Structure formats: C-alpha cells, structure tokens
Amino acid sequence: MRHFIVAGVVGLALSGVAISGQAPAAPWTLIPHEVATDLRGAYDVDVADINKDGRVDLLAVAGGTQQLMWFENPQWTRHVIAEKVQGLINAAAADSDKDGYPEIAMVTGFSTVPAKGNGVVWLLTKGADVTAPWTAREVDKSQSVHRIRWIDVNGDGRRLIVNAPLAAATAAPPEYKGTFSVYAYNPADMTRQAITDAEDGVVHGITVVDWDGKGREALLTASFLGVHLHRFANGKWTRTRLLEGNKEPWPNNGAGDVAVLRNKGARMLAVMEPFHGNSAPYRNMDLAIYTGKGETWGNRTVIDNTLNYGHTLVSADFDGDGVDEVVAGSRGKPNGITVYRLGAGNQWTRFVVEENAMAGSGCRAADVNNDKRIDLVCTGGSSLKWYENQPAR
C-alpha cells in the first residue's frame, strides 16, 4: 500500500482504485463543535426537530448515563426524556402520527451475549412540555436487541418501528450461530410482523432507504450473511440478497454496516466488511464500494483497508456536486472520523476529519444550522459533536 499526506489529507492507493500522485485539498471544512463531553458509553445519535422550532435537535444514546437525552439547537440545552434506563443501546425519532412532533422508539436491556439480555422495545411520546420527561409505553419484549429505526413502507408518512436484534436469543460469541427474526411494529396498535425470519450470526447495521424511488422505504441489513434488501408490497415482505460481503470463514464473513450513495442519477453501496468483532484486539476492516443495479451488485472496489474496529457508515453530499461522500467512524487504534470523496477518473480520496480525538461510534448527516449545507453529527466514548460544513479555507 502507498501512503501520502498533503495538508492533513491522507490518500490511499489500493488495488483497483485509481489515485492521483498528489491528494487534493478537501472542498469543504468540517469544523468540530462540542455538544457534550460527559456521555458515558456514547453509542449512537439521531437528528430530529424535537420541539417543532424548525431546527434539528440531537437525540443522544449513551448507555452508561442510564438516561435518554436530547440537546436543543442552537444552545444545546440538555433535556432528559427517560431516566434509570438499563442497557440503553439505540433510539430513533420520527413523526409517525403527523402532528409535527416526533415519537421516539427505544430499545433497552442490551447485552453482547444475547442469553444475558433483557431486551425491551419502547415507544416514547411527549406531554404538554416537550422538555419534561416523556411517557414510555412498552411495545414488545425481545431478549436480544440492538438497532431500532422508523420506516415508511407505504409512502404515506405513517411509519413503522423496525427492531433488528443483534443475534439469536441463544447465540453466543464469537460464532453467534442461530437463526432469528427482524421485526416491524405498527404504532397504531403495536402489532408485530416479521420482516424476515432468516437472519443468522450478527446483524450489526441497518439502513432505511427509498430503494425504488417511489416514496416507499425499504430496509437494508448488514450481517454475517451479507447485505439484504427487504421490501414491503401487497401485504408481505420480500428479502433479496444483494451481496455476500467478506468471504472469509464464519465468523469473519459478511458485512458490518451499509450506506447508499447517490451518484448523479445512479447509486453505489458502501459496505464495511466484516462485522467489527466482539473482543479486543479488534481487526482492520475493508471499506468496499459496490456498483451495480437492480439486484446485481458484484462489482467491488476496496477504498480503505486500514479502519480498525470500524463501526458506522453515513452518506452525505458535503460539496453539493450531486455525488455523495462516505463517512466512516472507527473505534479502534487509531479511532476517529474519516470522509471519502469520489473524484474524476474514479479516484477516491480519504480525508481525516479527526483522529484519536473521539471514537466514531455513531454518525448522522443533517443541516444543523440551516445554512443549506449538510453537516455531520457524531458520537463516541464520552463525546457528542457536530461538524459544521463550511467552504474550504
């Protein structure tokens, strides 16, 4: 592998990737702003306009605090939604009843050993004062929990809750063998339906996307079995395998996370391979870009193989050129936030946003300050930050 550093920009020359002799400067400046520094076990973050003031706020998932909190934009005033929350691992906000305020889906009782888990799926709703603690309603018990999202399968704005467990209830690390289900719930009556009963190993990443471009959202899962597309139509879910991911023997097979990239009318898939592991020292992972269309995604290019304990992927168009960049967060040594940009001649350039300043556990992309430029929000360790996207200096 060939490395070069120019003005803080690191370029990687990998097999199958065209890289010029000198790395260009980034066409943006991502300025870090601290929102919080005391979030024990910061794991994930979501963005939503929680108080209906036209600005996105930050929903912080930090299991060690035993509190679900939101931070009010722009002063980042802290508000507690729920207290004494044991094993908090994920939460997601969306306005499912179309009243202008979001509801929050939350999962608690997480364990990396599913047999020791005590998972519960919750729905939280605000009262008269959005800054006061919210009302929590138990949706389901699910021994193994991990990821929670909202999905609009009908394109009518009324979303379902997606509960993607880490693994089967009887599974044990590191193999995590055992089939299990991914579920959806209708908040109107809390009915549960199986999106799939065919997962095995670990499901680490899920992504909600308008796959067909018709306003009806689909679900992508990244697991030991690769990346699968799940679509709902005519009253039932269908499951399609898009790619296998890493081809090493179990449990080093498959994928850990997936993001969809727009590319001027086309799309690409960014995939972390394989799952990050379950005990230190963690391994380096491949960040691979897949091209294809429909259900055929066999054209694979590795753009980085140095991410240690890679944990999260996000796509966003930071420079406004119609082509999404890839954001990767990693939690190993080194840890941090990295952005990858596709340029002319199919050249990918790697830009280090921060290294060893904050572990990259969870990230989201959104216009935080309403300047019509997409910003970045990330969390990890004890920190929550937003990175202001400004033109290159």
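In what follows, a residue is called buried when its relative accessible area is under 20%, exposed when it is over 50%, and partly exposed in between, with a 1.4 Å probe and protein chains only. By that rule Trp211 and Trp297 are both buried.

A word on the source. The model is predicted, so to speak of local features we need pLDDT of at least 70, and side-chain atom pairs count only at pLDDT 80 or more, while totals for chains, interfaces and linings use all residues. Residues are numbered from 1 along each chain as its sequence is written, and side-chain values use heavy atoms, with hydrogens and water left out.

I will begin with the aromatic rings. Rings of Phe, Tyr and Trp (for Trp, the six-membered ring) pair if their centres lie within 6.5 Å; planes under 30 degrees apart count as stacked, over 60 as edge-to-face, and the rest as tilted. The structure holds six such pairs. One of them joins Trp211 and Trp297, tilted, at 5.9 Å centre to centre with 55° between the planes. Where do Trp211 and Trp297 lie? Trp211 is in the loop between β16 and β17, and Trp297 is in strand β25, residues 296-308; they are 86 residues apart, and the pair links distant parts of the chain. Strands here are DSSP runs of E, at least two residues long, and helices are runs of H or I, at least four, numbered from the N terminus.

Another pair is Phe224 with Phe275: the ring centres are 5.9 Å apart and the planes at 55°, so this pair is tilted. Phe224 sits in the loop between β17 and β18, and Phe275 in the loop between β23 (266-273) and β24 (284-293), so the pair ties together parts 51 residues apart in sequence. Both Phe224 and Phe275 are buried. Elsewhere, Trp28, Phe318 and Phe351 form one aromatic cluster.

Two rings have a charge over them, meaning NZ of Lys or CZ of Arg within 6 Å of the ring centre and within 35 degrees of the ring normal. The charged end of Lys177 sits over the ring of Trp250, 3.9 Å from its centre. Arg192 lies over the face of Tyr183, at 4.6 Å from the ring centre.

Next, the strands around β18. Two strands pair if DSSP finds at least two bridges between them. How many bridges join β17 and β18? Strand β17, residues 218-223, pairs with β18 in the antiparallel sense over five bridges, and Ser223 has Gly226 in β18 as its bridge partner. The two form a hairpin with two residues between them. Strand β18 itself, residues 226-233, is mostly covered, with six of its eight residues buried.

A nonpolar core is a set of buried Ala, Val, Leu, Ile, Met, Phe, Trp, Tyr and Cys residues joined through side-chain atoms within 4.5 Å. The largest one has 22 residues, and those touching the most other members are Ile151, Val162, Tyr176, Ile195, Leu219 and Trp237. Strands β13 (160-164), β14 (179-186) and β16 (203-209) each supply at least two residues of this core. Contact in general means heavy atoms within 4.5 Å. Beyond four places in sequence, the contacts of Trp237 include Ile151, Ala184, Ile195, His230 and Phe232.

Thr207 is in strand β16 and is buried, at 17% relative accessible area. A polar atom of its side chain lies 2.6 Å from the backbone oxygen of Val258; polar contacts are N or O pairs within 3.5 Å, and within protein one atom must be able to donate a hydrogen and the other to accept it, with residues adjacent in sequence counted only if both atoms are side-chain atoms.

Is Ser144 buried or exposed? Ser144 is buried, at 5%, in the loop between β11 (135-141) and β12 (147-151). A polar atom of the Ser144 side chain lies 3.4 Å from the backbone nitrogen of Leu166.

Asn154, in the loop between β12 and β13, counts as partly exposed at 41% relative accessibility. Leaving aside neighbours within four places in sequence, Asn154 is in contact with Arg216 and Phe232.
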